[in-house]
Amino acid sequence: MVRKAQATEKRIVAVDIGGTKILAAVGDIRGTVYGRYRCSTPRDCGALDIFQAVESAVAAAIKKAGLRPGDIAGMAVGIPGVVDYKRGRIVKTPNMPLTEAPLREFLFERFGFPVVLENDCNLGALGEAWLGAGRHCRSVFGVFVGTGIGSGFVRKQKLWRGARYSAGEIGHMVMQIGGPVCGCGNAGCLEALAGRTAIERDIREAVAQGETTVLTELLGGDLSVVRSRALRAALNAGDPLVTRVLERAGNVLGAACISVRHLLDPQRIVLGGGVMEACGDFLMPRIRSVLDADHMRSAKAPDEVCLSQLGDYAVIVGGIALAGKLCGANPLKKYPDVELRVLKSAAQKPDPESNEES
Ligand SMILES: [Zn+2]
């Protein structure tokens, strides 16, 4: 299954650094993924531990693709925070100790090929705009609900980064004045109301008040981390507490989508991330009903909001697109009609941490 690269067929590495997992993959601008590696994001540690985990994941993905670093043309790394894309600087990562950490320099020193850093959700939106649910749309707004909430805006096949690179930080849009404190330090952010960390917090608080949930049994009494998969299992079991907390999250997400509509009016809003992947069938009808109740709604557009098609691969595909563009070809323009193809060498199990999620 492993296909050796021809000298003229340079490959690209894309990395997704998530709150719980790091995913590295080797692909090309025709949408093929040749090798992939996934590991846990180190917790309660410093930047260097995360650097080393990224380095190992990249080395493993290149090896799984049957390649050497010399076969790679460039790499894009998705960072969960604000990134000065031009300078390759990590400005702020609210949920991870990477603020001002010199990751680009570290990776360039280790591998020797060009490295570009970008906000992870910008890459996710770019991925969906190229090969996912936003394909062939003139404007795509991607919202990703995982540990936190982020977004990215792609217009005319290009990312819209804003004057100071913080366009699309929808997770930190204030939805409730004086609301719960967010990881960023502000209060009442969307992320502090509807991200997975906020959902976990609401569940723990209700349990502390005496409410019961099937999660206590499912997770052996430890509610410190509630993965999206566990939320799904609780929904399936008809758990009243989890159902209520997720209903509220869905309503808040719907309200955020209304703001997106009125601010940018994108042709399509794509919703992805671990929480949407696991609980999308429950959340989407709520988000849609909030949007449908919008009195300021203009024309009816049945496909205005939809679920991500790339799932775990959205950031990876966007990373391949961005690094590909920097290496000389914008795949959104050059290969708008290819399909994502994951070769067996990349898809094969076991990944050591296949139970992790973004
Ligand atoms: Zn915030």
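**Pockets and a zinc site**

Author: Sorted by class, the largest pocket's lining has 12 nonpolar, 18 polar and eight charged residues. This is a predicted model, with local features needing pLDDT of at least 70, side-chain atom pairs pLDDT 80 or more, and totals for chains, interfaces and linings using all residues. Residues are numbered from 1 along each chain as its sequence is written, and side-chain values use heavy atoms, leaving out hydrogens and water.

Reader: What makes a residue part of the lining of the largest pocket?

Author: A pocket is an open set of points on a 1 Å grid over the protein atoms alone, where a 1.4 Å probe fits, with protein on both sides within 12 Å along at least five of seven lines; lining residues have an atom within 4 Å of a point. Here 38 residues line it, with Pro-80, Asp-120, Cys-121, Gly-148 and Gly-150 nearest its centre.

Reader: How do you know where the largest pocket lies relative to domain 1 and domain 2?

Author: Domain 1 (11-125 + 312-347) and domain 2 (136-307) both give residues to its lining, so it lies between them. Those bounds come from an automatic or database domain assignment.

Reader: Why is the zinc ion's arrangement called tetrahedral?

Author: Its protein donors (N, O or S atoms within 2.8 Å of the metal, or 3.2 Å for Na, K and Ca) are His-172, Cys-182, Cys-184 and Cys-189, at 2.0 to 2.4 Å. Four donors count as tetrahedral if all angles lie between 85 and 135 degrees. The angles here are 104 to 124°, so the arrangement is tetrahedral.

Reader: Are Cys-182 and Cys-189 buried or exposed?

Author: Both are buried, meaning under 20% relative accessible area (1.4 Å probe, protein chains only), with exposed being over 50% and partly exposed in between.

Technical notes: Tetrahedral: all angles 85-135°; square planar, octahedral: opposite > 155°, others 65-115°. Nonpolar A, V, L, I, M, F, W, Y, C, P; charged D, E, K, R; others polar.
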